[in-house]
Amino acid sequence: MVAIRVVLVGGARVELAPSTALLAGRLLAEGTGRRDHRALAEAVESLGASLSSFGGYESIGVAVDALAADWERALELAAEVLFEPAFPEERLTFLARQAAAELEALADQADAATALEFSRQLYGAHARGRPLQGSAASLAALDPAACRRFHAESLARGGVVVVAGAIDPDAVARAAAAAFAALPPPAAPPPPAAIAPPRRAVRRQPATRARDPVHLFVGQISVARADPDFTALELAGVVLGAGAGLTGRIPQRVREQEGLAYHATAECVAGASIDPGRAFAYAGTSPDLAARAERAMLEELERFVAEGPTAREVDEARAYLLGREPFRRETARQRAELEAQSALLGLPLHDAAWVRAELAAPSRADVAAALGRRLDPARLARVVGRPRRALPRA
Amino acid sequence: MAAPAPRPPALAGALEVDRLANGLRVCRVVNAQAPLVSTALFYRVGCRDEPRGRGGLAHFLEHMMFKGSAGYGPGEIDRLTQALGGSNNAFTSHDLTAYHFTFAADRWPAALAIEADRMRGLTLDPEAVASERQVILEEIAMYRDDPWDALELDVQAELWGDHPYGRPVLGTPEELEGEGAEQLAGFHRRFYRPDNAVLVVAGDLEASALALVEEALGGIAPGADPRPAPPPPPALGELRRIERRQGEVGRLILALPAPAPDRPEHAELRMLAALVGLGRSSRLQRELVEEGELCLAFSAGLTDGALGSSFTLAAELLPGIDPGEVERRLFAALAALGTLPPSEPELDRARRLFASDWVYGQERIHQQALVTGQALAELGLEQPGRLLARALDATPDELATAARRWLVPEAGAVLGLSLPESAS
């Protein structure tokens, strides 16, 4: 198989109006100057391939997965979609309606709705503080001209084309250079947005559409991918709950020792990329256990920051992340996405030796110090999504 | 004329199957695509083997397999997995229970030591059992709280009636209250024996792999109980409707009885599912999503139960859309499958997408281990190849015949609707 990823720098972090990046990105695959969305889908699917376009927080782009033998045709289709989108108004109307429905569907998922509120508390007015869809109002307000403008600005900002799979690298490089000659390379990665953590602890209890479970998020903004503290905090996250199975202090305490939740997890650099990620603990539990679960999570976070991890915990976390490296490069799609991310961030994430050296560096003291710098238990945001109308358990 | 659709291999890698003296079947899948090895141990036991009124026992035991055995205390399996940089997980279905690990190729035998230890027996500390019961109660509540999961559970219960496939894998809270250490130990003793298991070892394997398996698991005594004889699938004979209200988005599932994967016309139904639901150009993606603009999402597929399947169509409605309109279009599309066979270009496109989908389903080493293990544990290693070939070779007339036989909702189906609560 062959995986093609074309990624343009920008995304929702630079949009002037909410919803723009998502819809401008999705509209790329809704028709070009040469064919409408039906003909485009038929051209792709007659190869047994898939083509989609996307708009994310930091980029928009095109993804094509096809049989390796069809790489040339797949590359041509990716270039056509990237350079010649038609932005048809009726498809924008349809996509906006779909995105509004996605917001409703998200609201039906109590865990997702609580997570959105948690992001809002952490990121405030930054794009990551709202869903990519924006709101029903911002979706309705968008017009094709705004999408066209956003696309043109994204193209001008530059991007990267990655092709991975069972291919002849020289032939692919020649073809890609010709097909994407008009795409400038991305400039130096933009600096991360400055997002100030709240000055004091906040606690919110949004009402969800759940019938029973309570969803708890406790955490803070952490660091961007390029931050010098990133790797130390990644290790800390594994100690806290981002590792294998139910290891980690949060799942151990909340699920294994006290049986308070089916799902309990924690991370320290969740979503870190150009902009800072989140350090958080999560548990999904029942209303009668929620207070205990929340207390347990707070105690574990406070203790973790105060005492830091043990040397054994850091060693095991390091071994885990080192051992996971081959998992991230198993498939053509994974390799293509890793290469694209490397190019956007200006970091050699695709280079396994570089990643190993990064993971080898932080000591236990480094991890403890990074935690002390980046996680302040006195300023944690807590969001407790509670059922607006709880039903008795069956 | 376009080249015919490609034929992917039915199972990835080079396969070798052996049987140890204690009855354990071992399949090696040699594939050096990444420096990884996955193990997948399947026990031929699942929800269907639970005595009536004792639902959830198989799944409860799956949880307890991580809570302590002679060589690994509570939580130690996960800690060791993490320290070795691996991953593990497990699942219980109506037919099978599976445990899988993936490690770097130089340390995978750790998985064999764990599997051998917990196959020999579990600690089943009563406090740990009680704590885990509470965890499963939370898991049940999570499923019931998800509108899609809750609707699907109700539809499957109605479709299968008293048949074990109609029971929830997790059991009910009332059933779980009756299960303790003694019951779990008994279930383990009856079914967790090497002669009732299949082990797949997949990935970048050395020649010593089989010897390592023999050394770790060859000394465990056989003695599994025979599986209880399953009842025949029920005959619905009518279209049944379920309506529930949860959330604010309309959701619809139509489930029709379908033959088991080794029975005639299962493969044809798979290709029919691709014709209606795979890709933006497929019939119902166009009708309901792309052109009809009635739904946010639509999917079609077959479940894979060893005793029988269901052909399932699922749609998430756009706000304000009348579910009756979606229902009418679904029924019309199913009828058209029996009267309007696909054109050659339409069928060619579906075949190509089907083949790509098949390849992606076995892209990663752990997927290869799971797909191979399921085949070996249930219907045989040849089964996936037969199914793939039959699906890709099915002619338009054969597809239409299968559609007329199986895709007639009025002859037997369950239509489940989850409607917005605010509209009640």
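# Interfaces in a predicted two-chain model

Across the interface of chain B and chain A there are 11 salt bridges, a salt bridge being a side-chain nitrogen of Lys or Arg within 4 Å of a carboxyl oxygen of Asp or Glu. The model is predicted, and local features need pLDDT of at least 70, side-chain atom pairs count only at pLDDT 80 or more, and totals for chains, interfaces and linings use all residues. Residues are numbered from 1 along each chain as its sequence is written, chains are lettered from A in the order in which they are written, and side-chain values use heavy atoms, with hydrogens and water left out.

**Interface of chain B and chain A**

- One salt bridge joins B:Glu132 to A:Arg255, with 2.9 Å between the closest N and O atoms.
- The elements that give two or more residues to the side of chain B that touches chain A include helix H2 (76-83), strand S5 (97-104), helix H4 (126-145) and helix H12 (344-360) of chain B. Helices (H or I, at least four residues) and strands (E, at least two) are DSSP runs, numbered from the N terminus.
- H4(B) gives the most to this side, with 10 residues.
- By class, the side of chain B that touches chain A holds 23 nonpolar, 16 polar and 25 charged residues. Ala, Val, Leu, Ile, Met, Phe, Trp, Tyr, Cys and Pro count as nonpolar, Asp, Glu, Lys and Arg as charged, and the others, Gly among them, as polar.
- In total, 64 residues of chain B are in contact with 68 residues of chain A, where contact means heavy atoms within 4.5 Å.
- About 5,500 Å² is buried between chain B and chain A, and carbon and sulfur atoms give 50% of this area. Buried area is the accessible area (1.4 Å probe) that two parts lose on being put together, summed over both.

**Domains of chain A**

- Chain A is divided into domain 1 (2-179) and domain 2 (202-387), with bounds from an automatic or database domain assignment.
- The centres of the two domains, taken over C-alpha atoms, are 28 Å apart.
- Contact involves 27 residues of domain 1 and 34 residues of domain 2.
- The area buried between these domains is about 2,500 Å², with 68% given by carbon and sulfur atoms.
- There are 5 salt bridges between domain 1 and domain 2 of chain A.
- A:Arg13 and A:Asp275 meet through their side chains in a salt bridge (2.8 Å, N to O).
- H5(A) provides the largest share of the side of domain 1 that touches domain 2, 10 residues.
- That side of domain 1 has 12 nonpolar, 6 polar and 9 charged residues.

**Salt bridges over all chains**

- The structure holds 74 salt bridges over all chains.
- In chain A, A:Glu313 pairs with A:Arg249 in a salt bridge, the closest N and O atoms being 2.8 Å apart.
- A:Glu313 lies in helix H12 (residues 311-324) and A:Arg249 in helix H10 (residues 249-257) of chain A, so this pair ties together parts 64 residues apart in sequence.
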